[in-house]
Amino acid sequence: MSLLQEDFEEHAEKAKTLPESTSNENKLILYGLYKQATVGDVKTSRPGILSMRERAKWDAWKAVEGKSKEEAMSDYITKVKQLLEEAAAGCS
């Protein structure tokens, strides 16, 4: 396993510790990057208008389409670090 892969999995665990106050926008960014890193480009059709939550998740994933697995992992790690730092700063 590559160092990037290990770092990515470590930060995927850390992401679970983000505070409840983390914005939906940031959660969606993480979701999209995670899916891109683990699955690749979105291959499903966009959920219907009634499935707002699923549609938002799909849109977030679609927004990072074309990123390589490595680039998505790297961006995910950076975003988790940023959110953890913001959470730590907000708690002090």
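Glu13 is partly exposed, with a relative accessible area of 47%. Here, buried means under 20% relative accessible area, exposed means over 50%, and partly exposed covers the range in between, with a 1.4 Å probe and protein chains only. The structure is a predicted model, in which local features require a pLDDT of at least 70 and side-chain atom pairs count only at pLDDT 80 or more, whereas totals for chains, interfaces and linings use all residues. Residues are numbered from 1 along each chain as its sequence is written, and side-chain values use heavy atoms, with hydrogens and water left out.

Glu13 pairs with Lys16 in a salt bridge whose closest N and O atoms are 3.0 Å apart. A salt bridge is counted when a side-chain nitrogen of Lys or Arg lies within 4 Å of a carboxyl oxygen of Asp or Glu. Side chains of opposite charge can pair when their charged atoms come close. Lys16 is exposed, at a relative accessible area of 62%. In total, seven salt bridges are found by this rule. Another of them joins Glu65 to Lys62, again with 3.0 Å between the closest N and O atoms. Glu65 is partly exposed, with a relative accessible area of 34%, and Lys62 is also classed as partly exposed, at 36% relative accessibility. A further salt bridge links Lys67 to Asp75, where the closest N and O atoms are 2.4 Å apart. Lys67 has a relative accessible area of 24% and is partly exposed; Asp75, at 27%, is partly exposed too. Through salt bridges that share partners, Lys67, Glu71 and Asp75 form one network.

The protein chain contains four helices and zero strands, in the order α-α-α-α from the N terminus on. Its radius of gyration is 14 Å, close to the 12 Å that the globule rule gives for 92 residues, so the chain is as compact as a globular protein of that length. The radius is taken over C-alpha atoms, and the rule is 2.2 Å times the number of residues to the power 0.38. Helices (H or I, at least four residues) and strands (E, at least two) are DSSP runs, numbered from the N terminus. The C-alpha trace of the chain spans about 40 × 35 × 15 Å along its principal axes. Of the 92 residues, 32% count as buried.

Helix α1 comprises residues 3-15, which makes 13 residues. From first to last C-alpha α1 reaches 18 Å, close to the 18 Å expected at 1.5 Å a residue, the expected span being 1.5 Å times one less than the number of residues. Gln5, Phe8, His11, Ala12 and Ala15 are the buried residues named in α1. Viewed down the axis of α1, the buried residues fall within an arc of 130°, so they line one face of the helix. The arc is that of the directions from the helix axis to the C-beta atoms. An α-helix has 3.6 residues a turn, so residues three or four places apart point the same way.

Helix α2 (residues 24-38) has 15 residues and a C-alpha reach of 21 Å, close to the 21 Å expected. Asn26, Leu30, Gly32, Leu33, Gln36 and Ala37 are buried in α2. These residues cover an arc of only 160° around the axis, which puts them on the same side of α2. Leu28 also lies in helix α2, but is partly exposed, at 24% relative accessibility. Eleven residues separate Leu28 and Val39 in sequence, and their C-alpha atoms are 16 Å apart in space. Just after α2, Gly40 has a positive phi of about 105°.

Met52 belongs to helix α3 (residues 52-63) and is exposed, with a relative accessible area of 56%.

Gly66 is located in the loop between α3 and α4 (69-91). Gly66 is exposed, at a relative accessible area of 57%. The C-alpha atoms of Gly66 and Glu54 are 20 Å apart, with the two residues twelve residues apart along the chain.
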